[in-house]
Amino acid sequence: MKLLRKTRTTARYATRTNVTRRKTVLKKRRWKSGHKKGTKAYTFVIPSKQLMSQAKDGGENGAENGMSDAPSHRDVSQGPMLSVIIPAMNEEKRIGAVVREALRICRDAEVLVVVNGSTDGTANAAKRAGARVLTYAEALGHDGGRKVGAAEARGQVLLFTDADIAIPAEHLAPYVKAVLKGTDVALNDYHGPVTHHPVHPVVEAKHMLNSILARSDLRGASMTAIPHAISRKGLEVMGISSLEVPPLAQAKAVIGGLRVRAVHHVPVGRMNAVRIKKRRGPDPLSQVVLNDHMAAIKWITDTLGPRGGYTDLQRVRNLAR
């Protein structure tokens, strides 16, 4: 009897293991790129005719919504349709794959890799993959790299991603398409692990900022997360310098009347490689991101008043002094 129970338990466990394994394989297949390793020819996710059609539709939709210059002030003949901006530091092993996926999005694209503070062959690997490389001896950080890349970009659509995650072109293209159709800021529809207890402070900060901006529909979608894309008009309203503080750029975009949307889900939290470092005390990166959100809130209150544009109802505070 005991042997029979043990056999049933083992069979049940084996079945569950097979189901779990199959789910994992299916997930990997869903995220698998259409690019075949070792081939020189690119299979473009957005064909040229579709690209031009969407750009035309975006311009017409923008005109209907009082945005006659959306998605860009630039003429197509003056530069590429798309600029993909990738900050990179010591990513020699990964950067090639990231660049190749970026080049697959559409034919009319440039890829700018901002190599900063690197001590390995990241720059050469990026060049071999087909990127235009900007090199800085100092470490600029992700946000500083995006600012530098945006200043050099010539495209109508600016797409931002990172050098340590090779996101398939099929999952980068939706952000480009959204901007071509009139969206000014296309965000990753990623909200962070909200079911964890306690919820990470950075996740809370993203949700809180969107609530303050009266955009709770965005939930945790944020310019802090990649990938995201912006229009040329969006860049002008936010200002290139604000890209160094992504929550501030997002606040300027919403209050500036830009069309901000969460357009496509990429699970960057799961895809990003965990790099374990022994440290004591709070995570310095989390502190930087939280300070960025504080800077955004300060800008909101400086611009819209101490209550951030919200009414104080019938309260007369000066009488209580």
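I began at Gly182, which takes a positive phi of about 120° just after helix α6; I note here that this is a predicted model.

I then turned to α6 itself, residues 173-180, and found that six of its eight residues are buried, so the helix is largely enclosed by the rest of the structure. The buried residues of α6 are Ala173, Tyr175, Val176, Ala178, Val179 and Leu180.

Next I looked up the largest nonpolar core, which has 42 residues, and listed those with the most contacts inside it: Ile86, Ile95, Val99, Ile105, Val111, Val113 and Leu159. The elements giving two or more residues to this core are β1 (82-88), α3 (95-103), β2 (109-116), α4 (122-129), β4 (157-160) and α6, and the largest share, six residues, comes from α6.

Finally I took the totals for the protein, whose secondary structure comes to eleven helices and seven strands and whose 321 residues are 45% buried. Among contacts with a separation of 6 or more, 77% join residues 24 or more positions apart. I put down the accessible surface as about 18000 Å², with 53% of that area belonging to carbon and sulfur atoms.

Note on methods. Residues are numbered from 1 along each chain as its sequence is written. This is a predicted model: local features need pLDDT of at least 70, side-chain atom pairs count only at pLDDT 80 or more; totals for chains, interfaces and linings use all residues. Side-chain values use heavy atoms; hydrogens and water are left out. Helices (H or I, at least four residues) and strands (E, at least two) are DSSP runs, numbered from the N terminus. Buried means under 20% relative accessible area, exposed over 50%, partly exposed in between (1.4 Å probe, protein chains only). Contact means heavy atoms within 4.5 Å. Accessible areas come from the Shrake-Rupley method with a 1.4 Å probe; for residues, only the protein chains shown count as cover. A nonpolar core is a set of buried Ala, Val, Leu, Ile, Met, Phe, Trp, Tyr and Cys residues joined through side-chain atoms within 4.5 Å.
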